Amino acid sequence: MSTATQTAERHTARQGYDGDLRVAVLGVGMMGQDHARRLAQLTKGARLVAVSDVDAARTDAVAAEFGVRAVHDPVAAITDDEVDAVVIATPGFTHEDLVLEALEAGKPTLCEKPLTTSPETSRKVVEAEHALGRRLVQVGFMRRFDAEYEQLRGVIAAGELGRPLFLHCAHRNATTPPNFSSEMLILDSVVHEVDVVRYLLGEEITAITVLTPGRTSAAPEGLQDPQFVLMETAGGTLVDVEIFVNTTFGYEVRTELVAERGSATIGLGVGLVQRSAAGWGGGIAADFKERFGAAYDTEFQRWVDAVRGGAGVDGPGVWDGYAAAAVCAAGVESLRTGRRVEVDLGPRP
Ligand SMILES: NC(=O)c1ccc[n+]([C@@H]2O[C@H](COP(=O)([O-])OP(=O)(O)OC[C@H]3O[C@@H](n4cnc5c(N)ncnc54)[C@H](O)[C@@H]3O)[C@@H](O)[C@H]2O)c1
Ligand SMILES: O[C@H]1[C@H](O)[C@@H](O)[C@H](O)[C@@H](O)[C@H]1O
């Protein structure tokens with residue numbers, strides 16, 4: 001029997017955790033460092049015990065900062081007997097391998113979005129978890145833990161406003177990191193709207209069309225920014241998303257529901273008339289760490305509580321990660337062809 005299989009069996013047998021959950025963070029760039037600090041200083045019932053990054057100097061520096069072990073091989077951190085659970089905060093293209101390693105080792109995992117970068121690889125993860133027979137992987141769609149999104153979901157579920165007709169979404173970032181491609185506006189950014197639409201409406205997205213307006217002069221050479229995305233849902237709601245990632249002035253994530261008998265808007269602040277570099281009365285968040293800080297905190301606390309209690313996951317799982325990957329892949333196809341692309345998720349295991 002392989003060591004990984006033995007470890008998996010040990011962890012499968014375990015129903016809960018008596019002491020603190022010992023967590024390793026893999027990938028300690030911008031998000032990984034933020035999550036390491038969250039686990040080390042804020043999340044109750046969890047203890048940051050190790051960090052791991054392919055950049056050895058970065059691993060050592062972050063480990064020293066938090067007084068935890070530096071493990072230079074990320075797979076060794078996953079299979080380590082002193083590690084109960086892992087947080088994956090490496091770039092999206094590395095997620096497939098690391099999540100499959102974590103499943104093989106039977107380690108509960110909180111994987112930053114996207115689950116993987118294609119529907120085929122996400123399906124592989126869905127099937128690997130299904131074969132294991134229990135939920136072990138949660139996907140870092142943190143907006144589900146944001147109080148305003150929860151409130152909007154409640155408004156829709158209560159049904160007082162009637163059937164949802166439209167969701168108008170705006171997703172704006174101040175700037176993009178180097179090497180951010182036109183496809184990444186869909187795969188890395190709109191993936192959040194794909195997930196919250198499924199979360200808010202409780203139904204699947206059946207088609208997507210991506211339109212390309214004139215580029216902002218602030219976009220780096222070759223980047224198609226902004227883009228306008230139209231999604232259709234199984235229940236007949238139309239969703240539009242303005243994705244604009246080089247606004248230069250700040251971070252805005254806004255959603256307006258228009259239903260049969262009223263509308264409800266989140267992410268607006270109060271009394272907004274105009275937003276610009278000069279700001280407005282209430283101020284504008286600089287980035288996602290500021291806008292969604294409380295949501296990340298809640299996401300981590302609920303994940304740790306679920307793992308310690310034996311449930312493994314409390315929030316979006318591998319199927320949600322797969323659905324998002326499938327819609328985004330169709331979106332990238334639409335971006336390339338200019339055509340509407342239908343989405344078929346196939347059977348759910
Ligand atoms: N939920 C959110 O709001 C949010 C916000 C930002 C980023 N993210 C996601 O977080 C993840 C990380 O993004 P980031 O902005 O922190 O990136 P980053 O480039 O700042 O950091 C990534 C780190 O991973 C390391 N790395 C690369 N390959 C590795 C591997 N195989 N094993 C171990 N380490 C490896 C890199 O050396 C780097 O230190 C991405 O999936 C991104 O989409 C989510
Ligand atoms: O990786 C980031 C992150 O997911 C943010 O929440 C989103 O606003 C950005 O567009 C994306 O690039």
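This is a predicted model: local features need pLDDT of at least 70, side-chain atom pairs count only at pLDDT 80 or more; totals for chains, interfaces and linings use all residues.
Residues are numbered from 1 along each chain as its sequence is written, with chains lettered from A and ligands numbered from 1 in the order in which they are written.

The domain assignment divides the chain into domain 1 (3–142 + 296–316) and domain 2 (147–286 + 325–342); such bounds come from an automatic or database assignment. The centres of the two domains, taken over C-alpha atoms, are separated by 28 Å. Domain 1 contributes 11 residues to the contact and domain 2 contributes eight residues, contact being defined by C-beta atoms, placed from the backbone, that lie within 7 Å. On the side of domain 1 that touches domain 2, five residues are nonpolar, five polar and one charged. In this classification Ala, Val, Leu, Ile, Met, Phe, Trp, Tyr, Cys and Pro count as nonpolar, Asp, Glu, Lys and Arg as charged, and the others, Gly among them, as polar.

An unreviewed UniProt entry places the feature "domain: Gfo/Idh/MocA-like oxidoreductase N-terminal" at residues 21–141; UniProt positions follow the numbering used here, feature names are shortened, and annotations may be inferred rather than shown by experiment. Over residues 21–141 the chain is 45% helix and 22% strand, with the end C-alpha atoms 21 Å apart. Helices (H or I, at least four residues) and strands (E, at least two) are DSSP runs numbered from the N terminus.

Six strands form an open sheet with parallel pairing, in the order β3-β2-β1-β4-β5-β6, where pairing requires that DSSP find at least two bridges between two strands. Its edges are β3 (69–70) and β6 (137–140), each of which pairs on one side only. Strand β1 (residues 21–26) is joined to strand β4 (residues 85–88) in the parallel sense over four bridges, and A24 stands opposite V86 in β4. Helix α3 (residues 56–66) packs on this sheet, touching β2 (46–52) and β3, and its direction makes about 155 degrees with that of β2. Helix α10 (residues 293–309) also packs on the sheet, touching β1, β2, β4, β5 (109–112) and β6, with its direction at about 130 degrees to that of β1. Axes are lines fitted to C-alpha atoms, for helices over the stretch in contact, and angles run from 0 to 180 degrees between N-to-C directions.

The shell around ligand 1 holds 24 residues, of which G27, G29, M30, M31 and E112 come nearest; a residue is near a molecule if its C-beta atom, placed from the backbone, lies within 6 Å of it. Helix α2 (residues 30–41) supplies the largest share of this shell, three residues. By type, the shell around ligand 1 comprises 10 nonpolar, eight polar and six charged residues.

An open sheet of seven strands has mixed pairing and the order β12-β11-β7-β10-β9-β8-β13. The edge strands are β12 (262–266) and β13 (341–342), each pairing on one side only. Strand β11 (residues 252–259) and β12 run antiparallel and are joined by five bridges, L257 having A264 in β12 as its bridge partner. Helix α8 packs on the sheet, touching β7, β8, β9 and β10, and its direction makes about 150 degrees with that of β7. Helix α11 (residues 318–337) lies across β8, β9 and β13 and runs at about 35 degrees to β8. Within the sheet, β7 pairs with strand β10 (residues 238–244) in the parallel sense over seven bridges, whereas β9 and β10 run antiparallel and are joined by six bridges. The hairpin of β9 and β10 has four residues between the strands, and G236 there takes a positive phi near 95 degrees.

Two cis peptide bonds are described here: K113 to P114, with omega near -10 degrees, and D225 to P226, with omega about 5 degrees. P114 is found in the loop between β5 and α6 (119–132), and P226 in the loop between β8 (205–211) and β9 (227–233). N179, a residue other than glycine, has a positive phi near 70 degrees and lies in the loop between β7 (164–172) and α8.

Key. Two residues are in contact if their C-beta atoms, placed from the backbone, lie within 7 Å.
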